[in-house]
Number of protein chains: 2
Amino acid sequence: MDVEKVFHMNGGIGVTSYAENSSLQKRGSDMVKHLTTGTVLEIFLSTTPKSLGIADLGCSSGHNSLTIIKDIVEAVQGTSSNMLHPTPEFRVYLNDLPTNDFNSIFKALPEFYKGFEVEKNGGGPSIFIGGYAGSFYRRLFPNNCLHFVYSSYSLHWLSRELVVGGRMVLILLGRESQDHVDRGNSFFWELLSRSFAELVSKGEVEKEKLDSYEVHFYAPSKNEIEDEVRKEGSFNVDRIEMIEIERDHDKDGRSYGTAIAMTVRAIQESMICHHFGEGILDNLFEIYGRMVDEEMAEEEIRPITFAVVLRKV
Amino acid sequence: MDVEKVFHMNGGIGVTSYAENSSLQKRGSDMVKHLTTGTVLEIFLSTTPKSLGIADLGCSSGHNSLTIIKDIVEAVQGTSSNMLHPTPEFRVYLNDLPTNDFNSIFKALPEFYKGFEVEKNGGGPSIFIGGYAGSFYRRLFPNNCLHFVYSSYSLHWLSRELVVGGRMVLILLGRESQDHVDRGNSFFWELLSRSFAELVSKGEVEKEKLDSYEVHFYAPSKNEIEDEVRKEGSFNVDRIEMIEIERDHDKDGRSYGTAIAMTVRAIQESMICHHFGEGILDNLFEIYGRMVDEEMAEEEIRPITFAVVLRKV
């Protein structure tokens, strides 16, 4: 499967869209907001550039990306104002695969800019936001244009390398133990696999079709992250935090399993649909949601998130 | 009407899409290709930057924009190779309103990049293409990042100013005479107005509804362009060429009137739909296409296009 052409979060703003089913990712970003804004302030204070370049690798199509940009701009604006230093201009590079729904982000921009103008009585900061479509495993941006790179839950989708190439905050799913099989993120994959098996046993999916379905996903351990950064050589690890996203009450009163199923669907649908056709989606994710609830009733599943701060050497 | 929120070319790749109904605009760009590439080469040769910044203001969603970028990159690449000078990196800024269908452009990028890699045995030029959503009557890009600005058939949609603010090639609809009413572009508006009147007389549109429909369009004369550039003060006019787009045989054997109607529909539909609802579209543009054919049978309509090359003073 050509991931670059097929894989994308569910676009738009409908019931199964990523925009409506990314509150888990939002909570992850919120929990590491102190690291994100802290790291940007560090690089801003040490270099005080007139123009600050910020990239979000894997921005997807919901509000999450613009929320982070807003946090960063406000933090830098506040700090430069305290220091009686002019606010820099912000060059923001939003990246995702060419199949991502950039249109939804762009439609939200007039309101986003307006928020800053209103707060600042019409004289908001200069923010220039561009969409850059392509895989971040290739070159996307001009030389020496970035001070800060942010990437939230986007590194797992190609198994080639862990680290790409100023300062970076990477948020990624990980695992606690050295063992590759635990009751964390990989267990969600195990349950998805069991849901497919149930569809096979019901005759709704052919076994051969399932056997030929290949998706790469990798949730590294803390040691593996440190090893990869060392091997790559361009960065030092400033900090690694392990976080667990708290479960919160679902806004629509759905079960935890259903909420997880909708989240996973918003991420995986494009690839599953490409290989199996859209006919199986509703059934598959109903089974999946039920399995997650059944397993949670027996024993907790603890998906781990790492927040990593890297500094270019 | 909030043009910035409502106005956009018809997205996607369907029968009524801009992508499928912009061959007139394509012919316009093709006819001034020598001016476009010539002007870029001039600025490249006089400054030989390592990184060349190019913006297309009003890029819309079809192939036209990427075709022009390809022409420019090939011209610069060829010239730098002849001079044994390294090819610069290309920073390309594609701009249109936030409602534009950027997704279609982004989906075409992998093929676009691949074209260069294949031609160059895998070592193509560095081209970084970003989508920037917003009105070009406000600031969109960082300071001092552009060497060349291109804008094709996009300046007429706000009547405020003619000239925005290196080197610019502007392609715009104009008029031959000093008189505002001639059998050129304004006559196409006259016919659209008559088509609406026919819907009113048939009771399909309320007269009040039509009276409250306000759209700004301006096709300047050569003198007016020169006056505005002089008044604005930042640019000299290097050259103005008046061109007439040749009619060519319609690929689907449609009449000229029908082809014009589809072109105008791909541009105007978003605004008409917003004000009148989509129910009138098919009828309106059928009447319009018929009127254009009837008028052309009586006497030629000669829509004029100007290509203007401006140089920053």
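Predicted model: local features only at pLDDT ≥ 70, side-chain atom pairs only at ≥ 80, totals over all residues.
Local features need pLDDT of at least 70 and side-chain atom pairs count only at pLDDT 80 or more, while totals for chains, interfaces and linings use all residues. Residues are numbered from 1 along each chain as its sequence is written, chains are lettered from A in the order in which they are written, and side-chain values use heavy atoms, with hydrogens and water left out.

Chain A contains 10 helices and seven strands. Helices (H or I, at least four residues) and strands (E, at least two) are DSSP runs, numbered from the N terminus. The radius of gyration of chain A is 20 Å, close to the 20 Å that the globule rule gives for 313 residues, so the chain is as compact as a globular protein of that length. This radius is taken over C-alpha atoms, and the globule rule is 2.2 Å times the number of residues to the power 0.38. Along the principal axes, the C-alpha atoms of chain A fill a box of roughly 65 × 40 × 35 Å.

Of the 313 residues in chain A, 55% are buried. Buried means under 20% relative accessible area, exposed means over 50%, and partly exposed lies in between (1.4 Å probe, protein chains only). Chain A exposes about 14,300 Å², and carbon and sulfur atoms supply 49% of that area. Accessible areas come from the Shrake-Rupley method with a 1.4 Å probe; for residues, only the protein chains shown count as cover. Chain A carries 32 positive and 47 negative charges, and their mean positions are 6 Å apart. Lys and Arg count as positive and Asp and Glu as negative, whereas His and the chain ends are not counted. Each charge is placed at NZ of Lys, CZ of Arg, CG of Asp or CD of Glu.

Helix α2 (residues 23-31) of chain A has buried residues at Gln25(A), Arg27(A), Gly28(A) and Ser29(A). Their cover includes the helices α3 (33-47), α4 (64-82) and α9 (256-276) of chain A. It also includes β4 (148-152), β5 (167-174) and β6 (235-244) of chain A.

Over all chains, the structure holds 44 salt bridges. A salt bridge is a side-chain nitrogen of Lys or Arg within 4 Å of a carboxyl oxygen of Asp or Glu. One of them joins Glu295(A) to Arg194(A), with the closest N and O atoms 3.3 Å apart. This pair links distant parts of the chain: Glu295(A) is in helix α10 (residues 281-298) of chain A and Arg194(A) is in helix α6 (residues 185-201) of chain A, 101 residues apart. Glu295(A) is buried because its relative accessibility is 14%. Arg194(A) is partly exposed, at 34%. Both belong to a network of salt bridges that links Arg183(A), Glu190(A), Arg194(A), Glu295(A) and Glu299(A).

In chain B, Glu224(B) forms a salt bridge with Arg175(B), and the closest N and O atoms are 2.9 Å apart. Here too distant parts of the chain are linked: Glu224(B) is in helix α8 (residues 222-232) of chain B, and Arg175(B) is in the loop between β5 (167-174) and α6 (185-201) of chain B, 49 residues apart. Both residues are buried. Glu269(B) pairs with Arg265(B) at 2.8 Å between the closest N and O atoms. These two are separated by about one helical turn, because they are four residues apart in helix α9 (residues 256-276) of chain B. Glu269(B) and Arg265(B) are both buried.

Ser221(B) lies in the loop between α7 (207-211) and α8 of chain B. It is buried, at 0% relative accessibility. Contact means heavy atoms within 4.5 Å. Leaving aside neighbours within four places in sequence, Ser221(B) is in contact with Arg175(B), Ser177(B), Gln178(B) and Phe306(B). Ser221(B) and Ser177(B) are 44 residues apart in sequence, with their C-alpha atoms 6.7 Å apart in space.

Ser61(B) sits in the loop between β1 (51-57) and α4 (64-82) of chain B. At 3% relative accessibility, Ser61(B) is buried. Beyond neighbours within four places in sequence, its contacts include Asn10(B), Tyr18(B) and Asp101(B).

Most residues other than glycine have a negative phi. Asn144(A), not a glycine, has a positive phi of about 50°. Asn144(A) is exposed, with a relative accessible area of 81%.
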